[in-house]
Amino acid sequence: MTQKSIMVKGKIIQVQMFCNNEYFNKLYPDPEHLKNFIKQQAINEEPLCIIDLNITKLMIETWKNIMHPIIPHFAIKALPDNKICHLFDYFDCASSNEFMQILKLGKNPDNIIYANTAK
């Protein structure tokens with residue numbers, strides 16, 4: 001893992017990258033464009049999360065291989081992004097909207113745990 005520091009409004013923002021510099025440079029051949037985007041998000045105080053979906057997919061497969069027969073269930077409330085949801089087969093939904101989101105992706109409804117402790 002590498003860390004990059006970016007100065008915004010007198011603050012130093014640490015950005016953690018879960019890949020080495022060589023890999024990062026292949027992914028983002030124009031690092032200034034990404035750096036400017038990160039700065040703009042920080043200036044606007046917008047949340048920012050950079051996720052390499054290939055690494056996420058590899059982590060899921062590693063879990064399945066090492067932790068079998070324990071099946072990972074993705075909690076939609078943690079990050080309700082369809083690109084992430086496509087990587088998982090099993091889900092933990094806490095609302096009917098989350099449930100419908102997963103069904104619209106064509107996922108098997110038998111692989112959804114519907115649990116909301118507040119309701």
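Modeller: Let us begin with a term: pLDDT is the predictor's confidence in each residue, on a scale from 0 to 100. This is a predicted model, and the mean pLDDT of its protein chain is 77, with 71% of the residues reaching 70 or more.

Biologist: Which strands form an open sheet, and in what order?
Modeller: Three strands do so, in the order S3-S4-S5, and their pairing is parallel. Strand S3 (74–75) and strand S5 (112–114) each have a single partner strand, so they stand at the edges, and one side of each is left without a neighbour in the sheet.

Biologist: How many bridges join S3 to S4?
Modeller: Two bridges join S3 to strand S4, which covers residues 91–93, and these strands run parallel. If you want a place to look, find Phe 74, which stands opposite Phe 91 in S4.

Biologist: Changing topic, which residues form a nonpolar patch on the surface?
Modeller: The patch is formed by Trp 63, Ile 66, Met 67 and Ile 70, which together have about 390 Å² of accessible area. Trp 63 is found in helix H3, which spans residues 53–67.

Biologist: And why is Trp 63 called partly exposed?
Modeller: Trp 63 has a relative accessible area of 35%, and the term applies because this value falls between the cut-offs of 20% for buried and 50% for exposed.

Biologist: What about the peptide bond from His 68 to Pro 69, is it cis or trans?
Modeller: The bond from His 68 to Pro 69 is cis, with omega near 15°, and Pro 69 itself lies in the loop between H3 and S3. As background, most peptide bonds are trans.

Biologist: Last one, how much of the whole chain is buried?
Modeller: Buried residues make up 24% of the 119 residues in the protein chain. The chain exposes about 8,700 Å², of which carbon and sulfur atoms supply 57%. Among the contacts with a separation of 6 or more, 25% are between residues 24 or more positions apart.

Conventions:
Residues are numbered from 1 along each chain as its sequence is written. This is a predicted model: local features need pLDDT of at least 70, side-chain atom pairs count only at pLDDT 80 or more; totals for chains, interfaces and linings use all residues. Side-chain values use heavy atoms; hydrogens and water are left out. Patches are made of residues with over 30% relative accessible area and no salt bridge: like charges are joined within 9 Å, nonpolar side chains (Val, Leu, Ile, Met, Phe, Trp, Tyr) within 5 Å. Accessible areas come from the Shrake-Rupley method with a 1.4 Å probe; for residues, only the protein chains shown count as cover. A salt bridge is a side-chain nitrogen of Lys or Arg within 4 Å of a carboxyl oxygen of Asp or Glu. Helices (H or I, at least four residues) and strands (E, at least two) are DSSP runs, numbered from the N terminus. Buried means under 20% relative accessible area, exposed over 50%, partly exposed in between (1.4 Å probe, protein chains only). Two strands pair if DSSP finds at least two bridges between them. Contact means heavy atoms within 4.5 Å.
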